[in-house]
Amino acid sequence: MRLSRTAKVVLGCVTAAGLALVYVPLLLVLLNSVNADRSFGWPPSGLTGRWWRAALHSDGARQALLTSVRAGLAATAIALVLGTLAAYAVHRHRFFGRRTVSFLLVLPIALPGIVSGIALNAAFRTVLEPIGIGFGLFTVVVGHATFCVVIVFNNIGARLSRLAPSLAEASADLGARPWQTFRYVTFPAMRSALFAGGLLAFALSFDEIVVTTFTAGPGTRTLPIWIYENLARPHQAPVVNVVAALLVLLSVVPVYIAQRLSSDTAGGRL
Amino acid sequence: MPAAPASGSRLRLTALLAPPLLWLTLAYLGSLAVLLLSAFWATDSFTSDVVHTWNTDNFHELLTTPVYRTIALRTLSIAAAVTVIDALLALPMAFFMARVAGRRWRRPLLVAVVTPLWAGYLVKAYAWRVMLGEDGVVNAALAPLGLHGPGYGTTAAVIVLGYLWLPYMILPVYAALERLPGRVLEASADLGAGAWRTLRSVVLPAVRPAVLAGSVFTFSLSLGDYLTVQIVGGKTQLLGNVIASQVTLDLPMAAALSAVPVVLIVCYLAAVRRAGALDSL
């Protein structure tokens, strides 16, 4: 396919414009966090570091961050175990209902968050509350883990399908027991995929708000919930701006790590 | 990878499958079942308590009230519009990234597309609220041209949803274009096809499953969204908003309403699956 010079330039311009559009709102968030005005207007009236100092001392934000990290770590741990097991079953075995299993795993992220959210809410209300388990961090973790499994499943599955089964067979032929084969052959080959899957799962949990809203109960506040609750409060707006800016800046970290890990896990396997 | 039908292998398979299937059945399918059941219950209009008497009033109301039909159609058209816009933007961008830009540029471009995915849904929706506000950047930029931005409303909702889900469309399309062997494109040119012909007969069929896979995300995420609409949509009401506002007041009605997006998405997944798109999800 020989593209004319004009076609290449046009494609390049579309891409550049698209990327510019993607980054303008994010830059605005950064600018907004150092804007001297309380309410945001364009152009900003002056620069200040005041809000950053205020945000550092905000107990609400710190508590919410801690809750988000806890929920994310717990959900990621569960998703890593369940997703890896499922990926092994689907990619290393042939069995009846194999496609149904993959379909079932995708369902929690394919269905809208609001449906998953109120389904979990209704189920917790009818089943868990009568036996004394109220809404809290536990119910949030259950909800998050459910849709994080598919992320791990996809990452491990992609790696497994590229990994020749003959390696494991060779290991078995050489006398390794299944556990030894896993420990010395399969696990090292999958380590970066596990890490990337875990990273994506954590990020998904960290950012999730809809399912969280319906599974958290009044006392549990993750960072997105905190942001959402404080959006409407004018005197909290500057602190919310700083937290938002911080999230934009921090978003570079996982991408950088994923890039360093491997070429096929550019944060792309959703 | 043929699995020997030995009993050891079957035991291993059971051990592998049992925990994830048990979790998904108990935590997810179980919850969906409870939701479906509660759609057939009623609500005491005085106390807002759920009354466990079996009836189909909610579905009857859902199908006969014109407002619900309007909202369902509006939601469907917004989800479709967002999907089409994202596909139209993603195709040239992914094509440039995978096929035109030099090898050294591919990685940085991919990173540039992926990074905003991590910046947070709320942060981005909120950024657009600031952009589209009366004193926002959009109005400031359009003022010299004598134009006015869309403000908050349905158009804003489409723009912001399209913005939020764009990477979900670019990534699969990019992956598909990168996998496309260069020889195929050369062969097409050797056989006398011009750029347009090659695009239509070779490139587009090759990326079709990827576009469909991306559309599962853009379509489904738009269909269920209610926060973006709350933040920039003005008075626009979508299915998600109605469901969310009904949950505490009338859970059975909310449950019946959520059957609408579920049915739409299951139909969509089934259609897309036949085109083989779910394999590249």
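Predicted model: local features only at pLDDT ≥ 70, side-chain atom pairs only at ≥ 80, totals over all residues.
Residues are numbered from 1 along each chain as its sequence is written, with chains lettered from A in the order in which they are written. Local features need pLDDT of at least 70, and side-chain atom pairs count only at pLDDT 80 or more, whereas totals for chains, interfaces and linings use all residues; side-chain values use heavy atoms, leaving out hydrogens and water.

Buried residues of α4(A) (under 20% relative accessible area, with exposed over 50% and partly exposed in between, 1.4 Å probe, protein chains only) include Val101(A), Leu104(A), Leu105(A) and Ile109(A).

In chain B, the twelve residues of helix α5 (residues 121–132) should span 16 Å, which agrees with the 17 Å between its end C-alpha atoms. Eleven of these twelve residues are buried, so α5(B) is largely enclosed by the rest of the structure; among them are Tyr121(B), Lys124(B), Tyr126(B) and Trp128(B).

An unreviewed UniProt entry annotates residues 210–233 and 253–272 of chain B, among other segments, as "transmembrane region", although such annotations may be inferred rather than shown by experiment. Residues 210–233 of chain B are 88% helix and 0% strand, with end C-alpha atoms 30 Å apart, while residues 253–272 of chain B are 100% helix and 0% strand, with end C-alpha atoms 29 Å apart.

How values were computed. Helix = DSSP H or I, 4+ residues; strand = E, 2+ residues; numbered from the N terminus. Expected span 1.5 Å × (residues − 1).
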